[in-house]
Every structure is written in C-alpha cells, then in structure tokens.
Amino acid sequence: MKILLLGASGQVGLELSRVLPRLGVLYSCNRGEVDFSKIDSVRHVLSLYQPDCIVNAVAYTDVDAAENNKHEAFSVNSECLKVISEEAFKRNAWLIHYSTDYVFDGRKSSSYREIDLPNPLNVYGQSKLAGEKIIQDSACKYIIFRTSWVVGSHGQNFIKSIINLSQERDHLHIVNDQKGAPTTASFIAEITSKVIDKLKTKPLSSGIYHLSLRGETTWFDLAKYIIQCSEEFGLGLNLDSDSVFPISTEQFSTTAKRPLNSLLSTRKLERELDYNFPHWEGEVDAVIKEIIKGLISK
C-alpha cells in the first residue's frame, strides 16, 4: 500500500510518521513542501505520488486567530478538501481526515455521538464542519475522525503550556466549567494505523467516527494533574497544584467561544475495531514523562 501523509510536521503528523511505515510505503509532505491554501499545489502532490491511501493531518488549528482569519481557516480546513477528495475518488484511494469536537456547541449534558447535530460556536469549528461536509458530499471512500483536546510531546498544546507556566509563575487561574477527555497524538496515530491496516481486509464503512481517550476531566483538573505528575517525575516548578485556582469560561476572556462539553462517545469506533480504548490518565502520563525527559536533558 502506498500512503501519502499530508501535514507530516504537525503534532499528529509526527506521530503518524512514526507508525505508518509499518503498513506500506509512506510518502510525507508538510507545509514547507506544499501550499495547502492553493488547489493546484495540492493537486500536484497527489498526482505525483499516486497514493492508495491519503492521510490528511493538515489543519489550521489556531482557534482564536481563526476569528480574524476566516479565509485562511476555511481555505486550509475545507476548501483544499475539494481537490483531495476528488483525487481520492479518481484513484479509488481511501481518505483519512481529522476533525474536531468543536463542530458541536457543547450544550449536550452527555457525550456526543456521531449522529448528533453539529452547531459550531466559532470560525474554527465552522471551517472543520465545512470540510466534513465536502468529504461527505464527494464520492470518495473516507474515514473522518473527530478528536478532542489533542496533546502530545511535539508542538504546542495544553500540557506543554501548563508545564512552562508552572516554571514561570507562582499561581494559575484555569477554566473549570469546560469538560472533555485529553487525547494524545500518539493514540490518534495508533488507532489510525489500526484502521488503515483493517482497510486491507475488511474495511470500515465510509463515515464519521469519534476518536478520543476514555474518561472525563476539566481543564482545571487536568492542569492540577499535570503539575502533580511533573513534580512526581522530578521536574522543579515554581508552584504546586494548590496554587491553581478555578475560574469560569465567562471570567476567562477569549476571542473565540469554546464548547462547555467536548466529550465524545467512541462506542462506534471501538465496536468496529473490537478494542476498548484506554483511560486518558495513562496516555497523558507517558506524554508528560517524555516532555520532562526532554526538558531535564537540556
């Protein structure tokens, strides 16, 4: 199988680069090599590699900046998917694409299922939902993974931010009324590889699948957990978990609105893979250890 990975240098893309070579010949492209805001540039690379499977990890992910850069967010998160899905159909290739919990408004009290009606609160969520619809309206074979609260040892994310801030400040105020489950980039990559491997024998049906770790927390509780783990793993900090204080979303002003509930039900995907997803704590522990190892070794 020839696999083309788009967005190889991103948080998820770097983890995909590690696992996808097990499945066949991997070709990788990132923003330095392809201008994903230009259709001709995207079409050229797809024609060049002639893949059997396209894994699209490219995304405009700056949620707040998207509010003032709507054109760029839609260009990367939706418009370029027109040519990607068209080329996938022409070559009878599978398209694997990543979306987000931000397609929902967060007003539901329980975990969101794939059949729940999207209603994004911000431009980022709107652009990702538009991308989903473009793929769904195309004739290509596709898997759309909606993920939530993505963290990892690469790139910028909540874990790294809390560790850095805890080394600089003596107290933190963190939002306590947004709930979700942190999902590691490495776990997303592993599940992606399982799905692609399955495509060779008994493929999943084209559609949307929720992909996140199990469990539930808030940004506030997650921050305290990160600090506690960092101390246990030997990293010196300016503060401890008792110096983290809860605030409401209303008190914490951001350019873009966030959903209060980002929990995703993963039963559909777990049934398809016959695999029970793990709780977020063990996976997050591994990421914290890797980040701290890199900091201590400097």
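Student: What should I know about the model first?
Tutor: This is a predicted model, in which local features need pLDDT of at least 70, side-chain atom pairs count only at pLDDT 80 or more, and totals for chains, interfaces and linings use all residues. Residues are numbered from 1 along each chain as its sequence is written, and side-chain values use heavy atoms, with hydrogens and water left out.

Student: Let us start with strand 1. Is it buried or exposed?
Tutor: Four of the five residues of strand 1 (residues 2–6) are buried, so this strand is largely enclosed by the rest of the structure. Buried means under 20% relative accessible area, exposed means over 50%, and partly exposed lies in between, with a 1.4 Å probe and protein chains only. Strands (E, at least two residues) and helices (H or I, at least four) are DSSP runs, numbered from the N terminus.

Student: In which sense do strand 1 and strand 2 pair?
Tutor: Strand 1 pairs with strand 2 (residues 25–29) in the parallel sense, over five bridges. Two strands count as paired if DSSP finds at least two bridges between them. Within this pairing, Ile-3 stands opposite Leu-26 of strand 2.

Student: And what is the bridge partner of Ile-3 in strand 3?
Tutor: That partner is Cys-53. Strand 1 and strand 3 run parallel and are joined by four bridges.

Student: Which way do the residues of strand 3 point?
Tutor: From strand 3 (residues 53–56), Cys-53 and Val-55 point one way while Ile-54 and Asn-56 point the other way, and all are buried. Strand 3 is also joined by four bridges to strand 4 (residues 94–100), again in parallel. There, Cys-53 stands opposite Trp-94.

Student: New topic: how many salt bridges does the structure hold?
Tutor: The structure holds 14 salt bridges. A salt bridge is a side-chain nitrogen of Lys or Arg within 4 Å of a carboxyl oxygen of Asp or Glu.

Student: With which residue does Arg-258 form a salt bridge?
Tutor: Arg-258 pairs with Asp-64, and their closest N and O atoms are 2.6 Å apart. Arg-258 is in the loop between strand 12 and helix 9 (267–273), whereas Asp-64 is in helix 3 (residues 63–66), so the pair ties together parts that are 194 residues apart in sequence. Asp-64 is partly exposed, at a relative accessible area of 22%.

Student: Where do Glu-87 and Lys-90 lie?
Tutor: Both belong to helix 4 (residues 70–90), and being three residues apart they are separated by about one helical turn. Glu-87 is buried at 1% relative accessibility, whereas Lys-90 is exposed at 59%.

Student: What about Arg-214 and Glu-270?
Tutor: Arg-214 and Glu-270 form a salt bridge, with the closest N and O atoms 2.8 Å apart. Arg-214 lies in the loop between strand 10 (207–210) and strand 11 (217–218) and Glu-270 in helix 9, so the pair ties together parts that are 56 residues apart in sequence. Arg-214 is partly exposed at 38% relative accessibility, and Glu-270 is buried at 6%.

Student: Finally, where is Asp-240?
Tutor: Asp-240 sits in the loop between helix 8 (219–232) and strand 12 (244–247), and this residue is partly exposed, with a relative accessible area of 33%.
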